[in-house]
Structure formats: C-alpha cells, structure tokens
Amino acid sequence: MTIDQTAWLNILTSTPAQVHEQAQKHAIAGIKMQVQNMAVYYGNFCAVRDVNLKINEHHITAIIGPSGCGKSTVLRSLNRMNDLVPKSRIEGQVMLDGENLYAPGVDVVDGRRRVGMVFQRPNPFPKSIYDNVAYGPRLYGIGNKRELDEIVEHSLHQAALWDEVKDKLNQSGLALSGGQQQRLCIARAIAVEPEVILMDEPASSLDPIATLKIEDLMQELKRDYTIVIVTHNMQQAARVSDYTAMMMMNEDRSGTIIEVDETRNLFTRPKDRRTEDYITGRFG
Amino acid sequence: MSAISVAVHARNRQRYQFRRGVNAVMLGLTSVATVVAILPLIWILGYVLQEGGRFLSLDFFTQLPTPVGVPGGGVANAIVGSAILVGLACLFAIPPALLAAIYAHARPNTPLGLALRFGTDVLSGVPSIVVGIFAYTVVVLPLRRFSALAGGLALAVIMLPIIIRATEEMLKLVPKNLREGSLALGAPEWKTQLRVMLPAALDGVVTGVMLGIARVAGEAAPLVLTSFGNPFWSTDVTQPMAALPHMIFVYAIAPYKDWHDKAWTTALVLIVLVLGLNIAARLLISWRRRQLGA
C-alpha cells in the first residue's frame with residue numbers, strides 16, 4: 001500500500017470529528033481563511049474571478065478598490081451571504097481553518113456563526129438593546145437568564161458600548177445614535193463568539209468621531225478575532241489594517257484581486273501599476 | 001431700468017397672478033372632492049345615530065331579544081355571538097394567513113408564490129354569499145346542522161386574502177438588511193422570518209387583521225347559510241348562533257315597526273363596537289411604538 005492509499009483509507013474510515021481534527025492540524029498556522037481561485041456569478045454575470053486571498057489570524061485585512069469592483073461580493077462569499085442572492089453561483093474554494101465552507105454537506109448556519117458580519121448601514125433589530133445582543137445566543141439555545149446577562153454585558157463591553165447603554169438595556173436599539181447602533185451591531189455579532197468578523201464599510205454612514213471609535217474598536221477586537229474589512233476609504237484602510245488587498249475591474253466588468261501585501265508595503269511600494277495609480281488618485 | 005426688463009417684469013407679474021388663480025381653483029376642487037368622499041361616512045353615522053340612538057339603553061347590551069310587540073329586550077346574544085364568530089374566524093384565518101404571507105414574500109417568484117398571489121386576488125373578489133354557500137356545503141351539510149363553526153369558517157375565508165395581502169405588503173416595507181443581519185448571525189430562515197421580520201412588520205400586520213375583522217364583523221350574507229342566527233342565548237359553537245349583522249337583517253326585513261327600530265339600534269351597536277376595536281388596536285400600536293422608541 002502506498003502512502004497515498006493509506007491517506008485515502010484514513011479519510012474513508014474516519015469519523016467526521018476525526019476528519020475535522022486532521023483538517024485543523026493541517027491548517028497552516030496563522031492563516032485563518034483562504035480563498036482559492038474563486039469566481040462568483042450572478043446569473044450569467046461574472047462578478048469576481050480568479051480571487052486568491054489569505055487572511056491571517058488576529059490581523060485586520062482590508063479590501064480596497066473602486067466602486068463596483070466586487071469588494072462586497074468577495075467579503076460576502078466568506079460567510080456565504082451571497083447564497084441569499086437569487087441565481088448566484090460560486091466556483092473555487094473558501095477555506096476556514098483548512099475546511100472548504102462550500103463543500104457539500106457543510107452547515108451554512110455553523111459557518112455563519114463562525115464568520116460574523118457587520119453591515120454598511122447599522123441594522124439593529126427593532127428590539128431592545130438587550131434583546132439585540134441576546135438574539136444570537138438565544139438562537140443557539142442559551143436560555144439561562146444569568147448566562148445571557150453575562151454574554152450581553154461582555155459583548156457590549158467588547159464593543160465599547162457598555163458604559164453608554166448599561167442603564168437603558170431595555171430601550172430600543174433604534175433609539176441609539178448611528179455610531180452606537182453600529183457598535184450594537186458589532187456587539188450582536190460578537191455575542192455568538194465568531195472567529196472571524198467581516199465588516200462591509202462599517203463606518204461609511206457614520207460621522208468622523210463615530211468612525212474613529214469604530215476604528216479604535218477594531219484594533220481592540222483583533223486580539224480576539226480575525227477581521228476583514230471592505231472600505232472605499234483608502235486612509236481608513238491605511239490606518240486600521242495590517243494587510244490590504246487591492247481589487248480592480250477587468251475589461252469584462254468582473255473584479256479580481258490584483259495585489260495583496262502588508263498594508264505598509266502596498267501603500268508605499270505598490271508592485272502593480274494600477275494599484276499605484278489608484279492610491280495616488282490618478283485612477284480614472 | 002430698460003424697457004425690455006420692465007416688459008418682462010410686467011409679464012412675470014401677470015403669470016404669477018394666473019398661477020395663483022389656477023392654484024386656488026385646484027385647491028378648491030380637491031377640497032370639494034375630499035368633502036364628497038367623507039360625506040357618505042358622516043351621513044351614515046349621523047343617520048344611524050339618529051335612528052338607533054333613541055332606543056339605546058343598557059338593557060340593549062345585556063338582555064335577550066324579545067318577540068314582536070314586547071317592549072325592551074336587547075341583543076346580548078348577538079354581541080357575544082358576533083364576538084365568538086369573529087374570534088373563530090381569527091383563529092382559523094390568522095395563523096395560515098401569516099405563514100402564507102411570509103412564504104409569498106420570501107419566495108415571490110416560485111410557482112407556489114405566484115399561485116398564492118393570484119389566489120388571494122381571486123378570493124378577495126369572491127362574493128361573500130358564495131363563501132357562505134361553500135361553508136354550507138363543506139360544514140353544514142356533512143354535520144347536518146347550522147353551526148357557529150361553519151360561520152367562523154366562512155368569515156375566515158373572507159378574512160384570509162385581506163390579512164395575507166396586508167401582511168405581505170408590510171413585510172415588503174421591512175428593510176432587507178434586517179433579514180441579512182439575522183441570517184448573518186447563523187439564524188435559519190424560518191426563525192429570521194418569525195423573530196425579526198414579522199415583529200418588525202407587526203404594526204402593519206395588526207392593522208391588516210383589524211381591517212379583516214372590521215370587514216367580516218359586518219358580514220350577514222354568509223352567516224344566513226352557516227351560523228343561521230339564534231334568538232336564544234347560546235355559546236355552543238356546534239349550534240346555530242346569533243350575530244349582529246344577521247340580527248340587523250332579520251329585524252330590518254320584518255314587517256314590524258318596533259323591529260325596524262331595533263335594526264337601527266343594532267346597527268349602531270355594531271358600528272360602535274367595530275370602531276372601538278379599531279381605536280383600541282391603534283392605541284396598542286402607538287403604545288408599542290413608544291415602547292420601542294421608534
């Protein structure tokens with residue numbers, strides 16, 4: 001029996017838990033997610049193609065690029081939110097800890113729990129602040145009041161919102177200011193203990209002060225989580241991220257990542273001419 | 001000032017006067033149309049109040065109907081009967097209507113979604129007497145007796161399209177990103193719909209249900225063939241039951257003066273009860289809105 005055959009036999013005879021363990025072991029240390037040769041189609045339209053991206057654990061990866069180049073599509077493919085778009089189709093692989101999120105039989109719900117998301121417009125549910133944060137944990141069957149209290153307080157603390165709302169947890173989440181609402185949404189995402197948090201232009205509808213708060217918060221959060229942020233604000237990407245992926249549209253209007261590097265390098269010594277044009281503002 | 005600019009100025013003034021005139025005429029027309037639209041309502045309310053108010057008394061709410069010529073008496077059994085019939089209708093109609101509306105909203109272009117939309121349109125156009133015949137055939141004939149159950153079912157069929165339509169329209173108004181926010185937390189679609197979408201649309205859904213109730217609370221035709229009416233006290237849903245609109249019908253077509261008066265009074269009671277229910281629901285909604293601070 002060759003080594004290859006042994007490996008196959010192992011896989012065929014292992015329980016899912018064992019396979020998972022194997023996959024965990026083989027996951028390359030430090031790389032939390034990896035997108036391989038991904039293409040996303042909406043109907044016949046190819047929105048992005050040839051996307052390759054590594055997302056490092058406990059770092060912030062920014063995706064920048066001009067409008068319509070598919071930044072959000074790439075981001076939303078990381079927790080299968082594109083599945084919600086009718087007639088969408090994906091090729092290639094999105095690995096989370098070495099496991100393909102799009103492999104047949106993978107639980108979408110579990111994937112979305114592990115990869116949380118914060119949206120462009122704050123979208124608190126029309127419920128109390130407490131119920132907003134407790135919504136996720138309750139989904140996963142936590143009904144114990146004391147346990148929920150703890151999760152809510154911890155999540156709001158982590159989202160740097162606790163001090164502002166601790167006396168009005170029963171008020172509606174909609175009564176908060178835009179910046180507070182966005183931090184509430186971050187707290188809501190944190191409450192289900194995700195491993196990765198996706199942020200789709202999380203500060204684009206906020207004023208500069210609220211934006212600064214969110215950016216500071218991201219630096220705090222990256223100690224516990226891996227963060228991917230889409231932004232059309234290059235200064236923001238330069239300020240907050242450790243790695244930056246530059247996206248650009250091809251002639252057929254599909255988007256591709258043209259360059260990924262440490263943020264410092266990408267902004268000071270871009271390798272691709274198009275990146276340089278874009279970050280220096282010479283892009284048409 | 002040059003001659004040209006003086007001329008232009010004069011013309012502008014003229015045009016301005018003309019535009020003001022047109023504005024006044026249009027404002028007048030729309031005001032008249034508004035009054036014409038409200039007039040029937042005021043007229044009906046006023047007339048019913050005038051004709052029915054004279055015989056209104058506490059007894060009318062607490063007593064059973066009396067035979068012809070016997071003074072006094074009331075429509076207590078019809079008030080309770082109407083409440084039971086409408087309650088049954090809500091019980092039969094609201095749960096399936098909400099679920100169907102959720103489906104139609106979440107899967108609008110599937111064959112089932114399209115069929116549902118077409119079906120509700122057709123159903124809302126079916127005359128209520130036909131619905132009555134339907135309930136008569138499927139409930140009254142097999143059970144071999146008129147019953148409140150059959151009446152409730154007939155009213156439920158009439159309510160269904162109203163609630164489905166209202167709920168679907170309200171769900172459409174809920175921002176899409178609420179659904180995404182819930183799904184992104186790993187919530188399954190059905191929990192997202194029931195715990196986020198439906199509560200977010202609740203105000204409108206309640207309004208839709210109230211519209212449905214207001215509509216069926218005044219239906220007499222389907223009840224003639226189903227709950228049949230009952231001059232006595234009965235809360236047994238398997239037996240014939242009195243109802244306010246049916247009572248009005250019976251009183252109004254009878255050849256007795258005192259029954260005609262009672263028909264008016266019953267009409268007044270029906271209108272006031274439905275109106276009261278509507279106001280209560282609206283107060284509840286605004287109270288809930290204040291609670292949510294939005």
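**How the two chains meet and pack**

In this predicted model, 23 residues of chain A are in contact with 18 residues of chain B, where contact means that the C-beta atoms of two residues, placed from the backbone, lie within 7 Å. As the model is predicted, local features need pLDDT of at least 70 and side-chain atom pairs count only at pLDDT 80 or more, whereas totals for chains, interfaces and linings use all residues. Residues are numbered from 1 along each chain as its sequence is written, and chains are lettered from A and ligands numbered from 1 in the order in which they are written.

On the side of chain A that touches chain B, the elements giving two or more residues are α4 (108–114), β6 (115–118) and α5 (129–139) of chain A; helices (H or I, at least four residues) and strands (E, at least two) are DSSP runs, numbered from the N terminus. The most is given by α4(A), with four residues. By class, this side of chain A has twelve nonpolar, six polar and five charged residues, where Ala, Val, Leu, Ile, Met, Phe, Trp, Tyr, Cys and Pro count as nonpolar, Asp, Glu, Lys and Arg as charged, and the others, Gly among them, as polar.

Chain B is assigned a domain 1 (3–53) and a domain 2 (76–292), with bounds that come from an automatic or database domain assignment. The C-alpha centres of these two domains of chain B lie 38 Å apart, and five residues of domain 1 of chain B are in contact with five residues of domain 2 of chain B.

The largest nonpolar core has 144 residues, and those with the most contacts inside it are Ala89(B), Met159(B) and Ile163(B). Such a core is a set of buried Ala, Val, Leu, Ile, Met, Phe, Trp, Tyr and Cys residues joined through C-beta atoms within 7 Å; a residue is buried if 20 or more other C-beta atoms, placed from the backbone, lie within 10 Å of its own, exposed if 12 or fewer, and partly exposed in between. Helix α6 (residues 148–173) of chain B supplies the largest share of this core, 17 residues. Beyond its neighbours within four places in sequence, Ile163(B) is in contact with Ala93(B), Ile94(B), Ala97(B), Gly208(B), Val209(B) and Gly212(B).

Most residues other than glycine have a negative phi. Phe228(B), however, has a positive phi of about 70 degrees; Phe228(B) is found in the loop between α10 (221–224) and α11 (244–253) of chain B and is buried, with 21 other C-beta atoms within 10 Å. Arg253(A) also has a positive phi, near 70 degrees, and is placed in the loop between β9 (243–249) and β10 (255–262) of chain A, but Arg253(A) is exposed, with 12 other C-beta atoms within 10 Å.
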